[in-house]
Each structure stands twice: as structure tokens, then as C-alpha cells.
Amino acid sequence: MIAFAAQKAPGDAQMEIKWLEDFVTLADTSSFSRAAELRNVTQPAFSRRIKQLEGWLGATLISRATMPAELTPAGRNFLPVAQEAIRTFYAAREALRPAHEPGLIRFAALHTLTVTFFPRWLKTLEGAGGAFSTSLIPDRGGIEANLDALVGDEADFFLTYAHPEVPFHLDRGQFASLTVGRDRLMPLVSAEIAISGQLQPGRNLLDRAVAQPRLAIPYLSYGFNSFFGVALSRLLLRRPPFRRRTTHENTISAGLMNMAVTGAGVCWLPESLAREEMEAGRLVPASVDEGWNLDLEVRLYRHAASRTGKVEDFWRTARQLLERGPPDIRPSGRAAP
């Protein structure tokens with residue numbers, strides 16, 4: 001449990017959660033101007049808040065001598081603490097709030113799917129079965145934390161990616177599932193990338209790293225607890241080795257994609273999320289070997305026991321939609337080729 005002192009020392013500012021959110025956004029973007037834009041504040045105000053956080057901690061978190069901005073060793077150590085603190089505070093707020101509005105169907109979902117899949121899928125379901133009022137629980141980062149929302153009855157459904165190499169520890173007698181879509185995780189990189197101070201073409205960079213053992217490529221990581229983190233750790237174990245150095249870590253795909261576009265490293269991304277960047281040429285495949293890709297299912301989980309009428313109506317509509325044909329809708333809402 002992470003806790004901050006309620007009282008402040010003389011002359012110290014009181015910790016504010018927005019400072020932590022500012023810091024995590026800056027770590028995601030490596031840009032003060034971009035982070036300030038995302039946080040809806042002016043750059044001078046954003047910079048002051050980062051300085052206030054550093055003053056409160058008594059440590060420098062950001063190296064301002066580099067472009068793009070980089071985390072100091074203290075910043076790298078503090079980043080997972082800040083991320084966990086944000087999750088803890090917001091989870092506590094959700095737990096302490098009154099019960100959700102009656103009639104809302106509650107979903108726990110991976111962040112990427114709330115952006116790429118859920119809106120269009122819901123529209124399709126409503127076209128087949130009437131209007132559904134829904135509520136989304138924020139992605140909690142780790143696999144077990146997201147599953148807990150369903151197991152603990154905080155959510156009626158859990159919408160997630162699924163792959164045989166990432167088993168979910170759910171009792172099949174107590175939980176049911178439907179495969180409602182498909183996607184693909186693939187290694188992508190910016191069109192050009194700096195390695196050892198020299199610009200290189202990004203296309204097929206991963207293949208060159210496999211063929212040239214001395215070539216170490218920058219790598220954007222999901223860590224080890226998220227769905228993609230677990231899936232990739234197992235993929236990398238069974239594929240040809242290559243040298244890599246982690247330049248940034250984030251459990252959220254959209255954050256890693258923004259880093260990849262800036263040339264920060266190779267990153268495995270859902271095709272549905274990265275399609276526009278690929279079509280614009282800002283991201284290119286890092287390999288011609290499809291063995292580096294992971295074919296994913298989009299899966300909907302629920303308690304097997306009977307639930308409220310709205311929940312049952314939603315499940316019935318989703319199942320009937322699948323009975324009309326296979327789940328050939330990619331998370332972008334476009335038909336799969």
C-alpha cells in the first residue's frame with residue numbers, strides 16, 4: 001500500500017495526484033510540450049508542477065539536458081511507484097462511490113479495446129438488439145487486477161484480448177466466454193530510427209538485429225504483468241534471440257505507440273490501434289517474418305450464473321450476432337481481409 005503523509009513539512013508543498021499524472025504523461029511522451037497539451041495546461045505551468053513534484057520528493061526525475069526528455073535513474077525508479085499510486089487512488093475512489101446507476105451494464109476492459117473495439121462493437125450490438133447503457137471500469141494494468149473486477153463482481157463483463165500462451169485463471173464452471181473479434185500484435189518501428197547516433201531505416205530492423213548479433217536495438221516494453229507483457233515474454237523465449245535495450249516501459253499500448261512514432265524503439269502493437277500510423281508511413285513493420293506476430297482473439301467473459309435482465313439481454317444479443325457468422329470484425333470496425 002502506498003501512502004503519502006497528510007501533513008507537510010514547513011516550506012514543503014502538499015502532494016497532489018495531478019503531479020503524479022503529469023509525471024507519468026511526461027514519461028509516456030518524452031516531451032514537455034506534448035505532455036502539457038495532453039494534460040490541458042500551458043507548458044510553463046506543466047513544468048512548474050514537475051518541479052514541484054521533484055521538490056516534494058527531493059530528487060530530480062527528468063534530465064532536461066537531452067532531447068527528447070529522459071528519465072533520470074531516480075525517475076525510472078519512481079515511475080512504477082507513481083503508476084501504482086495513481087491506480088490505487090482511483091481504485092479506492094471507485095470502491096467508495098455509491099453503487100453505479102441502475103440499468104448500466106458494467107464492463108472491465110483493456111484500455112486498447114475501449115478505444116479500438118468497444119464503441120463500434122456496441123453500435124453493432126445496439127443495431128441488432130436495442131439500446132444498452134454501459135459503464136467502463138478503467139484498465140488496472142495487470143492481468144490479475146483486471147480479472148479481479150469480474151471475479152469480485154465489480155463488473156458484469158470483462159472484455160480482453162486472449163491468446164493460448166496467456167492462460168486466464170478462471171473456473172470454467174463459473175465463467176463463460178465468447179470470442180467477439182480478432183486482432184494481431186505485430187512488431188513496428190518508426191520509418192527512421194537512431195542507433196548509436198546514426199539514422200537507420202526502421203523497416204525490417206528486427207530481422208537485421210537477429211542476423212547481426214552485435215546490433216542492439218531500442219525496445220519499448222509492456223513490463224511483465226500486463227497481458228501483452230506476458231504474451232511477448234513467451235514469444236521472445238521461443239523466437240531467435242536478438243540484442244535489445246529497453247528505453248521505455250508502459251502497460252498502455254497507445255502510450256507506447258506515441259513513443260514508437262518518435263523513434264524511441266521497436267514496439268509490438270495491435271494492428272487495429274496502429275493502422276492509421278502505418279497507412280501514413282509513420283510506423284513500418286520491423287520484420288518480414290510473420291512468426292514475430294501474435295494472432296489474438298477479442299474475448300468477452302461473464303459470470304455463468306444468471307444475472308440481471310439487461311446483462312442477459314446483452315449476452316444474448318452478442319451470442320446471436322456471432323451465430324449469424326464468424327467474428328470477422330477487427331477492432332477497428334473494418335472487416336478482416
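Biologist: Is Asp 183 buried or exposed in this model, and where in the fold does Asp 183 lie?

Modeller: Start with the relative accessibility, and keep in mind that this is a predicted model. Anything under 20% is called buried. At 2%, Asp 183 therefore counts as buried. Asp 183 belongs to strand S6, which covers residues 175-190.

Biologist: Which side chains does the side chain of Asp 183 make polar contacts with?

Modeller: For a polar contact, look for a pair of N or O atoms within 3.5 Å. The side chain of Asp 183 has such a contact with the side chain of Tyr 161, at 2.8 Å. Another is made with the side chain of Ser 272, at 2.6 Å.

Biologist: Let's move to His 248. Is His 248 buried or exposed, and what is His 248 in contact with?

Modeller: His 248 is found in strand S10 and is buried, with a relative accessible area of 6%. A polar atom of the His 248 side chain lies 3.2 Å from the backbone oxygen of Ala 27. Setting aside neighbours within four places in sequence, His 248 is in contact with Ala 27, Asp 28, Tyr 219, Leu 220, Ser 221, Leu 256 and Met 259.

Biologist: Leu 256 and Met 259 make me curious about helix H10. Which residues of helix H10 are buried?

Modeller: An α-helix has 3.6 residues a turn, so residues three or four places apart point the same way. In H10, residues 253-261, the buried ones are Ser 253, Gly 255, Leu 256, Met 257, Met 259 and Ala 260. Just after H10, Gly 263 takes a positive phi of about 90°.

Biologist: Which residues have a positive phi although they are not glycine?

Modeller: Asp 153 is one of them, with a phi of about 65°. Asp 153 sits in the loop between helix H7 (143-151) and S5, and at 35% relative accessibility it counts as partly exposed. Asn 204 also has a positive phi of about 65° without being a glycine. Asn 204 lies in the loop between strand S8 (198-201) and helix H8 (205-211), and its 23% relative accessibility makes it partly exposed.

Biologist: Now the aromatic rings. How many aromatic pairs does the structure hold, and how do I read one?

Modeller: The structure holds 18 aromatic pairs. To read a pair, check the distance between ring centres and then the angle between planes: under 30 degrees counts as stacked, over 60 as edge-to-face. Phe 157 and Trp 315 are stacked, 6.2 Å centre to centre with 10° between the planes. This pair links distant parts of the chain, with Phe 157 in strand S5 (residues 157-162) and Trp 315 in helix H12 (residues 309-323), 158 residues apart. Both Phe 157 and Trp 315 are buried.

Biologist: What about Phe 242 and Trp 292: how are their rings arranged?

Modeller: Their centres are 5.7 Å apart and their planes stand at 80°, so this pair is edge-to-face. Phe 242 is in the loop between helix H9 (227-238) and strand S10 (243-249), and Trp 292 is in the loop between strand S12 (283-285) and strand S13 (294-303), so the pair ties together parts that are 50 residues apart in sequence. Phe 242 is buried at 10% relative accessible area, and Trp 292 counts as buried at 2%.

Biologist: Which rings does the charged end of Arg 244 sit over?

Modeller: One is the ring of Phe 242, with the charged end of Arg 244 at 5.0 Å from its centre. Another is the ring of Tyr 219, at 5.6 Å from the centre.

Biologist: Last topic, the nonpolar core. How many residues does the largest one have?

Modeller: In soluble globular proteins, nonpolar side chains tend to be buried together. Here the largest nonpolar core has 74 residues, and those with the most contacts inside it are Trp 121, Leu 159, Ile 217, Phe 227, Trp 268, Leu 300 and Phe 314. Not counting residues up to four places away, Phe 314 touches Ile 105, Phe 107, Trp 121, Leu 122, Leu 125, Phe 132, Phe 157 and Leu 300. A second, separate core of 22 residues includes Phe 46, Leu 61, Phe 78 and Ile 86.

Notes: Residues are numbered from 1 along each chain as its sequence is written. This is a predicted model: local features need pLDDT of at least 70, side-chain atom pairs count only at pLDDT 80 or more; totals for chains, interfaces and linings use all residues. Side-chain values use heavy atoms; hydrogens and water are left out. Buried means under 20% relative accessible area, exposed over 50%, partly exposed in between (1.4 Å probe, protein chains only). Helices (H or I, at least four residues) and strands (E, at least two) are DSSP runs, numbered from the N terminus. Rings of Phe, Tyr and Trp (its six-membered ring) pair if their centres lie within 6.5 Å; planes under 30 degrees apart count as stacked, over 60 as edge-to-face and the rest as tilted. A charge sits over a ring if NZ of Lys or CZ of Arg is within 6 Å of the ring centre and within 35 degrees of the ring normal. A nonpolar core is a set of buried Ala, Val, Leu, Ile, Met, Phe, Trp, Tyr and Cys residues joined through side-chain atoms within 4.5 Å. Contact means heavy atoms within 4.5 Å. A polar contact is a pair of N or O atoms within 3.5 Å; within protein, one must be able to donate a hydrogen and the other to accept it, and residues adjacent in sequence count only if both atoms are side-chain atoms.
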